[in-house]
Amino acid sequence: MLSTGQVADRLGMTVRTVYRWEKAGRLHPMRLPTGQRRFPASEVDALLHAKARAVLRCAVYARVSSGKQAEAGNLDRQRERLVAAVAERGYKLVAAVTERASGLNEKRKGLHRLFEMAASDEIDVVLIEFKDRLARFGFAYVVEALAAHGVRVEVLDGPVATDATQELVQDMLAIIAVFAARLYGRRSQQFRRKVKEATKGL
């Protein structure tokens, strides 16, 4: 009999995913008098073998920051390289998610779609060309969030786009713009507060 942690290690997933599989009826633990779960090793091994034999379901994610890049065909070429890599690796293509958005934008619809597919157990792998396609900053957090649903991220490391430097500059300018807006916003609030205090007795 295996503990929850041992099952997670053997199947290469998080403890949260083990609980999710139990809730879905894919794992059937027994309860000890202490309330702890114990899983039959034979059932876990059967799932492990089935997982090894199964064709992994893959979603590819391609992104560019500007309409100019998309019009130049960068987004289409990125998607085509990823789709070709899916076939080379023997995966099953489930979805090709493409979008035009900054890597700093945390409200990207395409990125949210990946999370939704991971949460609903539709995919096993997310394939991207470079780490910054998924997130300019905080890549490790995105990977961890997907891993919580048993989904791993694979990076293709394809050819570097000729406008990669320009895109990085655009993202850095976006950071500066956000910072400046917040800074001036605070100063404006302070100014209005001082004016209000100064005119209170008038």
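## Ground rules

Residues are numbered from 1 along each chain as its sequence is written. Because the model is predicted, local features need pLDDT of at least 70 and side-chain atom pairs count only at pLDDT 80 or more, while totals for chains, interfaces and linings use all residues; side-chain values use heavy atoms, leaving out hydrogens and water.

## Helix 1 meets helix 2

Let's start with helix 1 (residues 4–11) and helix 2 (residues 15–23), which pack at about 100° with axes 9 Å apart. That makes them roughly perpendicular (the word covers 65 to 115 degrees). Helices here are DSSP runs of H or I, at least four residues long.

Who touches whom? T4, G5, V7, A8 and L11 of helix 1 are in contact with V15, V18, Y19 and W21 of helix 2, contact meaning heavy atoms within 4.5 Å.

## Two sides of helix 2

T17, V18 and W21 are buried in helix 2 (under 20% relative accessible area, with exposed being over 50%, using a 1.4 Å probe and protein chains only). These buried residues fall within an arc of 105° seen down the axis, so they line one face; the arc is taken from the directions between helix axis and C-beta atoms. The face turned away carries exposed R16 and K23.

## Two sides of helix 6

Helix 6 (residues 109–119) buries G110, L111, L114, M117 and A118. They span an arc of only 120° around the axis, which puts them on the same side. On the other side, K109 and E116 are exposed.

What do the buried residues of helix 6 pack against? Their partners include strand 3 (57–64), strand 4 (92–100) and helix 8 (139–147).

Terms used. Axes are lines fitted to C-alpha atoms, for helices over the stretch in contact, and angles run from 0 to 180 degrees between N-to-C directions. Angles under 35 degrees count as roughly parallel, over 145 as roughly antiparallel, 65 to 115 as roughly perpendicular and the rest as oblique.
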